[in-house]
Amino acid sequence: MPNKTWYTELYATWFRRGAGSLANSAWTWQNDFLLTHGQYDVDVALHTSLNKNTDSSRGVDFEFGPAMQTGFGRVQINTNLFLERTYRTSPATRMQMKYQWQTKYRYRPELEFGLQGFGELGDWDNWSALAQQSHRAGPMVSGSFKLGNAADSKQAIRYEASYVVGKLNARHAGVFSMRLQYAF
């Protein structure tokens, strides 16, 4: 059963290229296991994610690695370093190195804003040349609204939206993402 040490979620991803319609691109099951509980300046979790692409030729992605978080006053900083491998019916791809980071100012529970970035570096043990790597960054906004009257109610609507620009698969890209979550 999920608790303060184990976070789990199942979600779907939709993609739209240009003016085309939205299409489901993947189903993901994510698990994060908190390894530290505030006793250090940086909290560390073990992140795992199993991603089933709806395009069967793309296979299944497995991602894992450390997720780290720290804060200073109202500023929260997250840094994640993940390894990912795609499994197909043909031989699996080599293990890839990825990163994510985010810094945000927690103005109020309903409004947090900051910057976030993502990147793919290539093979974990032999990074690609800089021209073939992917790096994107941009602004983000997030927050949550409690549901129910009780002060201890864990039900909430959470949101996050971002727009990052940079390179994705060696091409210039602007990516808008939005996440809406019902927490209970």
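Buried means under 20% relative accessible area, exposed over 50% and partly exposed in between, with a 1.4 Å probe and protein chains only. Arginine 94, with a relative accessible area of 42%, is therefore partly exposed. This report describes a predicted model, in which local features need pLDDT of at least 70, side-chain atom pairs count only at pLDDT 80 or more, and totals for chains, interfaces and linings use all residues. Residues are numbered from 1 along each chain as its sequence is written, and side-chain values use heavy atoms, with hydrogens and water left out.

**Overall architecture and confidence**

The protein chain contains 11 strands and zero helices; helices (H or I, at least four residues) and strands (E, at least two) are DSSP runs numbered from the N terminus. Of its 184 residues, 30% count as buried. The accessible surface, computed by the Shrake-Rupley method with a 1.4 Å probe and, for residues, only the protein chains shown as cover, comes to about 12300 Å². Carbon and sulfur atoms account for 61% of that surface. Among contacts (heavy atoms within 4.5 Å) between residues at least 6 apart in sequence, 38% join residues at least 24 apart.

The predictor's confidence in each residue is given as pLDDT, from 0 to 100. The mean for the protein chain is 88, and 89% of its residues reach 70 or more. Confidence is lowest in strand S1 (residues 6-15), at a mean of 82, and highest in strand S6 (residues 96-108), at 97.

**Salt bridges**

Side chains of opposite charge can pair when their charged atoms come close. A salt bridge is a side-chain nitrogen of Lys or Arg within 4 Å of a carboxyl oxygen of Asp or Glu. The structure holds eight salt bridges, including those in the table.

| Arginine 179 | Glutamate 9 | 2.6 Å |

Arginine 179 and glutamate 9 form a salt bridge. This pair links distant parts of the chain, with arginine 179 in strand S11 (residues 171-183) and glutamate 9 in strand S1, 170 residues apart. Arginine 179 has a relative accessible area of 37% and so is partly exposed, whereas glutamate 9 counts as buried because its relative accessibility is 11%.

Arginine 94 lies in the loop between strand S5 (75-87) and S6, and aspartate 123 in strand S7 (residues 111-123), so the pair ties together parts that are 29 residues apart in sequence.

Lysine 104 and glutamate 112 are both buried.

**Threonine 70 and its surroundings**

Threonine 70 is located in strand S4 (residues 60-72) and counts as buried because its relative accessibility is 18%. A polar atom of the threonine 70 side chain lies 2.7 Å from the backbone oxygen of aspartate 41. Not counting residues up to four places away in sequence, threonine 70 touches Asp41, Val42, Val75, Gln76 and Ile77.

**A nonpolar surface patch**

Leu10, Trp27, Trp29, Leu50, Phe62 and Tyr87 make a nonpolar surface patch of about 650 Å². Patches are made of residues with over 30% relative accessible area and no salt bridge: like charges are joined within 9 Å, and nonpolar side chains (Val, Leu, Ile, Met, Phe, Trp, Tyr) within 5 Å. Tryptophan 27 is placed in strand S2 (residues 23-34) and, at 46% relative accessibility, counts as partly exposed.

Notes
A polar contact is a pair of N or O atoms within 3.5 Å; within protein, one must be able to donate a hydrogen and the other to accept it, and residues adjacent in sequence count only if both atoms are side-chain atoms.
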